[in-house]
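I opened the notebook to look up charged and aromatic side chains. The entries below follow the order in which I looked.

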Amino acid sequence: MVSSVLSTGRIAALLAGLVLGSQALADTQIRFEIPSSVPSEVTDAILAASLLAEAARTEKTDVQELLADARADYERILAALYQDGRFGGVVNILVDGREAATIPPLANPPEIDLIVARVLPGPLYRFSNVGAAPLAQQTELPEEFARGEPAGVDAIREAADTAIEAWRQAGHAKAEVSDQRIVARHNAREVDAALRLAPGPRLSFGTVGVSGNKDVRTRRIRTIAGLEEGRTFDPDELRRAERRLRRTGSFRSVRVVEGDEVAPGDRLPLTIEVVEQTPRRFGFGAEYSTIEGATLSGFWLHRNFLGGAERFRVDTEISGIGGETGGVDYDLGVRYERPATPRPDVDLFATFGVELLDEPDFTSDTVEFTLGFTRYATDDLTVDFGLGYLYSEVEDDFGTETYSLITAPLGAVYDRRRNPLNPKDGYFVDLEMTPFYGISGTSAGLRTELDARGYESFGENESFTFATRLQLGSLAGPDLLDSPPFYRFYSGGGGTVRGQDYQSLAVDLGGDDRTGGRSFFGASVELRADVTEAIEVVGFYDYGYIGTEAFPDFSGDSHAGAGLGLRYNTGIGPIRLDVAVPVSGDTEASDYYVYIGIGQAF
């Protein structure tokens, strides 16, 4: 027998076995007596369920509260034993030698010196005869709910939940367990468990009410949710409706509540309960590089622009401030989104942008407009497509050219990261393809960009993260010098290869002439290690290639950079500091580069 003593004054130390504390500052001591042969996980479950154990940890001293905890512990400890499949347990809780259950509630002693909780968990029971009926077609009960398995209460509960959910998936929203017969045969140490289910009628969606909204119109909330009256009940559709409404950003919380009573015609009324979000929001960001200079960005967002959960966002960015990469660049973008247009999982969007670039190899003034749709194919996959017009005036080493293009941008994002702000596992793929037709300045072509990222954590508490990134670019159609300069590819700088000058890798045309390439390949690896909960150190290596061909064949030039970084996690994304040096490549690179920003590099 191992004894565990807990003091209500304080817990002095964690001793061997089950000793959680000793030497009280107050008079009352709490001691647990559990056989040493009991598995540690069972002992841990007993102590986790016990209010007396919690009383000692929180230094509780009130006599009345301690007695209430002692009386409640009988049921709590037995429940913990039942969950482990031990139905022959014995629990005695002695308060100064008296069984706590026998002390009258109105005759509490003035003080307590010692509380002893003696627990004999008893043997492990196993399932003998189990069953649940009737079951919906293709119902698979848990493997733990089977003959010979430990007869834990959780296995019975999970079997019941699984059977009910299968009926709900078949449209029987009010399915429930109508009867249960659980018999413990102590001589054989076996448990028989039989569940009887009442599926109820097959239901369809009834009237859909809305509550809690003030500024977002009720009709629009119903449209976005996409719950069609008369459609067969589907619990997955309820979850999708909640997800659609949350996705708009107009609501702080969303819940679809099923009606308690079934309406005539086997219709189930539903109520969408929402709490609206503050409609307006603004933010800003800043990054700095020793070569590229400072970048300042900001946005203003309205999450209910016209009263129908529409999003209207204005983004601005000024980059190259104080840098050595040409002049200062300006970017202004406006985006309007209308959810559930024309159907629940499709959003209409319109974008308008103005961009003034002063790059090392060219300057351009560009205006672009796009109208399109975003399709939420799955929880992880988003696809968008549109039709747009682009007008740009460009000046480079070869003169001045005016471009007028019809574009048809297509894109897909597949995001399986658990935490996009600071990913430690999963992967992310962003594919963009822009077919274009040149009205003036160029011919027809296709620009393609791929950004793929993967993350894997390992070590104790996943304290190490290995991150990889692959970037591909291709410009097919027009020849190099006939293609729009703003569609060509460069490498170097914080977004591609750290440790190299911004856009330092390009196509050398002879003399002082250079331009971007028709293909790009980039690869990056990072090893991130947690030093504390807030501080992370990073080692990284970046590689980039630029070619004149439409697809990388690695006959062109390449360069690389490497370095060390520091991250300070803020909860909304890490603050990033990277120091990088050039590793390879024929460039006029500096000895080192410093990059400061918010968020991981990728």
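I looked up R86 and found a relative accessible area of 12%. That is under 20%, so R86 counts as buried. The model is a predicted one, and I read every value here as computed from it. R86 has a salt-bridge partner, D84, with the closest N and O atoms 2.8 Å apart. For D84 I noted a relative accessible area of 28%, which makes this residue partly exposed.

I noted the count for the structure, which comes to 43 salt bridges. I then picked out R498 and D542, whose side chains meet at 2.7 Å, N to O. Where in the chain do R498 and D542 sit? R498 is in the loop between strand 23 (464-476) and strand 24 (507-510), and D542 is in strand 27 (residues 535-547). They are 44 residues apart, and the pair links distant parts of the chain. I marked both R498 and D542 as buried.

Next I took D578 and R567, which form a salt bridge of 2.7 Å, N to O. D578 belongs to strand 29 (residues 574-584) and R567 to strand 28 (residues 557-569), eleven residues apart. I then followed the shared partners: salt bridges join E287, R498, E526, R528, D542, R567, R576 and D578 into one network.

I found 15 aromatic pairs in the structure. W300 and F312 are edge-to-face, with 6.5 Å from centre to centre and 70 degrees between the planes. W300 lies in strand 13 (residues 293-302) and F312 in strand 14 (residues 311-321), so this pair ties together parts that are twelve residues apart in sequence. W300 is partly exposed at a relative accessible area of 33%. F312 also pairs with F305, and this pair is stacked: 4.5 Å centre to centre and 15 degrees between the planes. F305 is partly exposed too, at 35% relative accessibility. I also wrote down one aromatic cluster, formed by Y403, F436, F486 and Y487.

Which residues form the negative surface patch? I listed E143, E144, E149, E158 and D161. I checked one of them, E144, and placed this residue in the loop between strand 6 (126-133) and helix 4 (153-169). Is E144 buried, exposed or partly exposed? With a relative accessible area of 40%, E144 is partly exposed.

Definitions and conventions. Residues numbered from 1 in each chain as written. Predicted model: local features only at pLDDT ≥ 70, side-chain atom pairs only at ≥ 80, totals over all residues. Heavy atoms only, no water. Patch = residues over 30% accessible without salt bridge, like charges linked within 9 Å, V, L, I, M, F, W, Y side chains within 5 Å. Areas by Shrake-Rupley, 256 points an atom, 1.4 Å probe, with all protein chains shown as cover. Salt bridge = Lys/Arg side-chain N within 4 Å of Asp/Glu carboxyl O. Lys, Arg positive; Asp, Glu negative; His and termini not counted. Charge placed at Lys NZ, Arg CZ, Asp CG, Glu CD. Helix = DSSP H or I, 4+ residues; strand = E, 2+ residues; numbered from the N terminus. Buried < 20%, exposed > 50% of the residue type's maximum accessible area, 1.4 Å probe, protein only. Phe/Tyr/Trp six-rings, centres within 6.5 Å; stacked < 30°, edge-to-face > 60°.
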